[in-house]
Amino acid sequence: MPTPKTRNEVIAISHAAADAAGIPRVLPLACGIAESELGWNARRPVNPSQDAAFWSDVSHGVWQQTVRWSLEYKDWYEANGHPAGQFPGPDVTEAIGSLYYDVAHAAEVACRQLKSHYK
């Protein structure tokens with residue numbers, strides 16, 4: 001698991017990612033507050049044993065990236081011939097979801113997605 005981040009570290013990473021993406025800093029910051037109160041290790045559901053029941057809304061990190069809609073999951077199911085809509089199992093949800101505990105990676109993904117909708 002990546003190194004834990006303080007709230008101030010999360011904010012600094014969020015600002016840097018917003019600047020790199022060319023979007024207002026408030027966009028990812030507001031989303032991160034709404035999704036996790038800027039908690040670097042947020043997870044939905046909190047208990048991984050509930051992942052199958054929550055599928056396709058299993059998510060991780062500050063911006064609560066859902067495993068089901070992440071590019072890493074898309075790459076995995078295409079490479080493994082797994083039906084995209086089916087629960088892939090706890091090992092896959094944890095492996096892919098844990099990538100979003102890396103705040104810099106999560107911020108980059110969130111800002112890329114926000115930029116695609118920002119006008």
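Two strands count as paired if DSSP finds at least two bridges between them. In this predicted model, 2 bridges join strand S2, residues 59-60, to S3. That pair runs antiparallel. Across it, His60 stands opposite Gln65 of S3.

The pair belongs to an open sheet of 3 strands. The strand order is S1-S2-S3, and the pairing is antiparallel. Strand S1 (43-44) and strand S3 (65-66) form the edges. Each of these edge strands pairs on one side only. In general, the strands of a sheet pair through backbone hydrogen bonds, in a parallel or an antiparallel manner.

The protein chain as a whole holds 6 helices and 3 strands. Along the sequence these elements follow the pattern α-α-β-α-β-β-α-α-α. The radius of gyration is 14 Å, close to the 14 Å that the globule rule gives for 119 residues, so the protein chain is as compact as a globular protein of that length. Taken along the principal axes, the C-alpha atoms fill a box of roughly 35 × 30 × 20 Å.

Of its 119 residues, 42% are buried. Among contacts with a separation of 6 or more, 57% are between residues 24 or more positions apart. The protein chain exposes about 6400 Å². Carbon and sulfur atoms supply 57% of that area. The protein chain carries 10 positive and 13 negative charges.

Most residues other than glycine have a negative phi, and most peptide bonds are trans. Pro45 sits in the loop between S1 and helix H3 (51-54). Ser56 is placed in the loop between H3 and S2.

Leu38 lies in the loop between helix H2 (26-36) and S1. Its relative accessible area is 4%, under the 20% cut-off, so Leu38 is buried.

The relative accessibility of His82 is 18%, and buried means under 20%, so His82 counts as buried. Residues up to four places away in sequence are left out of its contact list. With that exclusion, His82 touches Tyr73, Trp76, Tyr77, Phe87 and Pro88.

Definitions and conventions. Residues are numbered from 1 along each chain as its sequence is written. This is a predicted model: local features need pLDDT of at least 70, side-chain atom pairs count only at pLDDT 80 or more; totals for chains, interfaces and linings use all residues. Side-chain values use heavy atoms; hydrogens and water are left out. Helices (H or I, at least four residues) and strands (E, at least two) are DSSP runs, numbered from the N terminus. The radius of gyration is taken over C-alpha atoms; the globule rule is 2.2 Å times the number of residues to the power 0.38. Buried means under 20% relative accessible area, exposed over 50%, partly exposed in between (1.4 Å probe, protein chains only). Contact means heavy atoms within 4.5 Å. Accessible areas come from the Shrake-Rupley method with a 1.4 Å probe; for residues, only the protein chains shown count as cover. Lys and Arg count as positive and Asp and Glu as negative; His and the chain ends are not counted. The place of a charge is taken as NZ of Lys, CZ of Arg, CG of Asp or CD of Glu.
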